[in-house]
Amino acid sequence: MTSNPAVVGQRAGSGGAAGTTPAGPPGRRRGRTMNPSQWAAVGFATPLLAYLVLFYAYPLWRNIDLSIHDYTVRAFVQGDAEFVGLHNYVEVFSSSTFPTALANTALFTFGSIALQFSIGMALAVFFRSSFRLSGALRAMFLVPWLLPLIVSASTWAWMLNSENGIINSVLGAFGVEQINWLTSPDTALLSVTIANIWLGIPFNLVILYSGLQNIPGEVYEAASLDGAGAWRQFWSVTFPLLRPVSAITLLLGLIYTLKVVDVIWVMTTGGPGTSSTTLSIWSYREAFGTGQPDFSPAAAVGNLLIVIALVFGFLHLQLQRRQEAAS
Amino acid sequence: MQHLRRKHLIVAATAAITLGALSACSSDGDDGGDGMGDDTAGGTYTWWDPYPQHDGSSDWEARVQACGEAAGVTIDRTAYDTTALTNQALLSAQEGTSPDVILIDNPAVSTLADTGMLTTVDEFGLDTSAIDENLLNAGVVDGEAYGIPIGANTLSLYYNAEVLADAGVDPASITDWESLTAALEQVTGAGHQGITFSGIGTEEGSFQFLPWFWGSGADLTDLASDEAVAALELWTGWLDEGYAPNTVINNSQNTVWEEFLTGNFAFAENGTWQVNSAAEAEFETGIVQLPARNGGVAPAPTGGEFIVAPVQEETARYDVTREIVECMTTPEGFVETATTFAYYIPPTADGQEQLLAENADLEPWVEAVRNAKGRTSDGLGSDYPVISEALWTAVQNALSGAATPAEALEQAQADAEAGTS
């Protein structure tokens, strides 16, 4: 999609450069003259296209460029990075960190989304029946969204502290032994996932709640006349009618969760060892987490993440198309 | 038709202006360095440092400006966060817009020098003979010095005198690992907490582990040696015995200090920069030198910034830059820097004597700095960051119980070899 506008943009550019001598538009070469309104359209689209190229296409291209060269810090400054083809990708795939990071990413992402979505859905349905204070309560559920991430992540880290954390002290009151939430390789990933679920609930709640508003009340009326209980209403009315909204919520949630760095970095820096290292943490650590920036492998991991997100994006489009064809 | 034609022209012109403006922006970036260079005589010199805590009205800013005035120029000072500064320096070098002077954390000097963006001290004609060699070495790559330390800090073992008195431990008795562990046992036996340190998965974790690593006789070129394993076993042993809290795995050095300030801990490993805070603590504090395995003072890693001069296209600027650097590195200049920051030990014998004359309490810190060792010394240079990452990962894996110390260090050595080859 980006390649086409880029070509148009250049064409407009060359036409513009020749603008002082109003020569025939280069479009003529195609054997088809652009009419003035088409020209106007190109003119108005140019700022947008330039924006897209500068801020979307170029960084993306640069990321690919970084990943297929060997950018040591020296090469980064001198600009003479050696072309290494797919070597960085081979390194990434054969690294001992890769299987761990991939598994952690899968666990973190799917664990987060599954719970964020189901809790968000439950709350949305709960708030659908307006009751006193429901507005205030719903607003309170948005708090995690309003807090700066550094604040919520640090607060979670304090609450989960092994020695002085409130969670351990509550559990301790029930006779549970000290759990090293953030410092044990067995629970570190679980801990950051819990924090991330809490952070993601408002997003799911808001979108699903607004989706619920679009389901006409008559449908529920009809269902209850047919004798459907609340449970049956949910599975036979709410859930199917909410499917398009659910699909986009899940897709957005997936993309947001795949790229999470801040929460994990603040809470565990991906540790202990690599036990809470996801692909995005790995990429961040390679580039900025050590004394020596390693941009090339970091870019390779970053590109891998983009590909994963793209695959799910296409899957979403495919499903949507099939759904539209079916209806 | 005429009307339509005009419209078409306007559109084309709009497009041309838009693109022209954009290309002007991008070429502007390339010229930035030259633009700055145009006002050489009595002009503005750029200065970057990692001290955002000192704003435009601070003593530090005034001191920087005074050095500029002495050289007849204005200094445009920008402060970045430590990690951001390295990245900014690399980016500016790539764009050809390096500042005239950078104060940079010492392990980053060899990384920057490796890119060819720094001038050597010799090229600049600066005299470094008075600088303590162990401190200067952190900025030496292939026998060439690339900067001058403006001061040094290092680690030591703070103790809570009240807790030690309560447990009946004499701080002077701590001379080696065995006596330290014995003291920890005594302290925890008396119902206090033992020691806290930072084992976080960043450079800070390696920084705090190195005194034990070096104090054991281990070398960074062989992370899996018996000495290295012994050092890591000392830490894991403390955790297993409950002498150190489990939180050390995620503790940053700041968290360590907060834990120590609660008054529950007998010992905390921390740096020169906490001297003032320790004096203000609600309990009496003191320091003992970090002990080596079999007695004596363990070499702690040096911290602190180097003053470096990046390569400029316009070499005429170097003369003024040299004057600014010299102003910062006279014995008086070192002492002034040390007192401005309250946590810097001057890197020359002269400077240290002057500092002690003003503040005799800093004596143990001067001793610690004299025993300290640069992380990038021993010819490691820009290999150090790779080795350090492997090391802190091993520390994390061993402390969290994911691997035994020997296994963790074995893996670290393999990773370090793969990363530096």
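Predicted model: local features only at pLDDT ≥ 70, side-chain atom pairs only at ≥ 80, totals over all residues.

Glu218 of chain A, written Glu218(A), is found in helix 11 of chain A, a helix that covers residues 217-225.

**A residue of chain A**

- Is Glu218(A) buried or exposed? Glu218(A) is exposed, because 8 other C-beta atoms lie within 10 Å, and a residue counts as exposed if that number is 12 or fewer.
- Glu218(A) and Phe126(A) are 92 residues apart in sequence. In space, 19 Å separate Glu218(A) from Phe126(A), C-alpha to C-alpha.

**Confidence and domains in chain A**

- The average pLDDT of chain A is 85, and 90% of the residues of chain A score at least 70.
- Over residues 1-28 of chain A, pLDDT stays under 50. For residues 1-28 of chain A, the model has 39 contacts beyond four places in sequence.
- Chain A is divided into domain 1, made of 3-16 + 28-67, and domain 2, made of 91-326.
- The C-alpha centres of domain 1 of chain A and domain 2 of chain A are 37 Å apart.
- Where these domains touch, four residues of domain 1 of chain A are in contact with six residues of domain 2 of chain A. On the side of domain 1 of chain A that touches domain 2 of chain A, two residues are nonpolar, two are polar and none is charged.

**Overall features of chain B**

- Chain B has 18 helices and 11 strands.
- Of the 421 residues in chain B, 52% are buried.
- Among the contacts in chain B with a separation of 6 or more, 74% join residues 24 or more positions apart.

**The two domains of chain B**

- The domain assignment of chain B gives domain 1 as 44-149 + 303-371 and domain 2 as 155-301 + 379-420.
- The centres of domain 1 of chain B and domain 2 of chain B, taken over C-alpha atoms, are separated by 29 Å. The contact takes 14 residues from domain 1 of chain B and 16 residues from domain 2 of chain B.
- Which helices each supply at least two residues of the side of domain 1 of chain B that touches domain 2 of chain B? They are helix 4 (106-114) and helix 16 (363-371) of chain B, and helix 16 of chain B gives the most, with five residues.
- By class, that side of domain 1 of chain B has eight nonpolar, four polar and two charged residues.

**The five-stranded sheet of chain B**

- Five strands of chain B form an open sheet in the order 2-1-3-11-6, and the pairing is mixed. Strand 2 (74-79) and strand 6 (148-149) of chain B are the edge strands, each pairing on one side only.
- Strand 1 (residues 44-49) and strand 3 (residues 101-105) of chain B run parallel and are joined by two bridges. Trp47(B) stands opposite Val101(B) in strand 3 of chain B.
- Helix 4 of chain B packs on this sheet, touching strand 3, strand 6 and strand 11 (305-308) of chain B. The direction of helix 4 of chain B makes about 120 degrees with that of strand 3 of chain B.
- Helix 2 (residues 59-70) of chain B lies across strand 1 and strand 2 of chain B, at about 145 degrees to strand 2 of chain B.

**The four-stranded sheet of chain B**

- Another open sheet in chain B has four strands in the order 8-9-7-10, with mixed pairing. Strand 8 (193-196) and strand 10 (285-288) of chain B each have a single partner strand, so one side of each is left without a neighbour in the sheet.
- On average, neighbouring strands of this sheet are turned by 25 degrees against each other, direction ignored.
- Strand 7 (residues 155-160) of chain B runs antiparallel to strand 10 of chain B, with four bridges between them. Tyr158(B) stands opposite Ile287(B), and the bridge partner of Asn160(B) is Thr285(B).
- Strand 7 of chain B also runs antiparallel to strand 9 of chain B, with five bridges between them. Here the bridge partner of Leu157(B) is Glu269(B).
- Why is strand 7 of chain B described as largely enclosed by the rest of the structure? Six of the six residues of strand 7 of chain B are buried, so the strand is largely enclosed.
- In a regular strand, side chains alternate between the two faces of the sheet. Leu155(B), Leu157(B) and Tyr159(B) point one way from strand 7 of chain B, while Ser156(B), Tyr158(B) and Asn160(B) point the other way.
- Helix 11 (residues 253-261) of chain B lies across strand 7, strand 8 and strand 9 (265-271) of chain B, running at about 150 degrees to strand 9 of chain B.

Key. Residues numbered from 1 in each chain as written. Chains lettered and ligands numbered in written order. Domains from an automatic or database assignment. Contact = placed C-beta atoms within 7 Å. Nonpolar A, V, L, I, M, F, W, Y, C, P; charged D, E, K, R; others polar. Pairing = 2+ DSSP bridges. Axes fitted to C-alpha atoms, helices over the stretch in contact; angles between N-to-C directions. pLDDT = per-residue confidence, 0-100. Buried ≥ 20, exposed ≤ 12 C-beta atoms within 10 Å, placed from the backbone.
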